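Here are a few exercises to work through with the sequence and the 3D view side by side. Try each task before you read its solution.

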Amino acid sequence: MEKAYKTMTSAGAANIVVGIIMIVAGLTAGIITVVQGGRLLKNKGGITF
């Protein structure tokens, strides 16, 4: 019984850590995308074909 409890505790802690990492990575990717999109819109007048 104790072994199962320890396994569940470590798995739960690992899931929390992975979740936090995914949230940070998602926010970072979103911010980078918004910034790059703004730069593209700002500089679209300089494009000539």
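**Exercise 1: Placing a residue**

I32 sits in helix 1, where helices (H or I, at least four residues) and strands (E, at least two) are DSSP runs, numbered from the N terminus. Before going on, note that this is a predicted model, in which local features need pLDDT of at least 70 and side-chain atom pairs count only at pLDDT 80 or more, while totals for chains, interfaces and linings use all residues. Residues are numbered from 1 along each chain as its sequence is written, and side-chain values use heavy atoms, leaving out hydrogens and water.

Task: is I32 buried, partly exposed or exposed?

Solution. Start with the cut-offs: buried means under 20% relative accessible area, exposed over 50%, and partly exposed in between (1.4 Å probe, protein chains only). I32 has a relative accessible area of 48%, so I32 is partly exposed. Now look along the chain: the C-alpha atoms of I32 and K44, 12 residues apart, are separated by 18 Å.

**Exercise 2: The whole chain**

Task: find how many helices and strands the chain has, and what share of its residues is buried.

Solution. First, the secondary structure comes to one helix and zero strands. Next, of the 49 residues, 0% count as buried. Last, the C-alpha trace spans about 70 × 15 × 5 Å along its principal axes.

**Exercise 3: A charged pair**

Task: which side chains meet in a salt bridge?

Solution. Begin with the rule: a salt bridge is a side-chain nitrogen of Lys or Arg within 4 Å of a carboxyl oxygen of Asp or Glu. The count by this rule is one. The pair is E2 and K6, at 3.4 Å from N to O. Why can they pair up? Side chains of opposite charge can pair when their charged atoms come close. E2 and K6 are four residues apart in helix 1 (residues 2-42), which means about one helical turn separates them. E2 is exposed at 54% relative accessible area, and K6 is exposed at 53%.

**Exercise 4: A nonpolar patch**

Task: which residues make the nonpolar surface patch?

Solution. Patches take residues with over 30% relative accessible area and no salt bridge, joining like charges within 9 Å and nonpolar side chains (Val, Leu, Ile, Met, Phe, Trp, Tyr) within 5 Å. Here I23, L27, I31 and V35 make a patch of about 400 Å². Areas come from the Shrake-Rupley method with a 1.4 Å probe; for residues, only the protein chains shown count as cover. Finally, check one member: I31 belongs to helix 1 and is exposed, with a relative accessible area of 57%.
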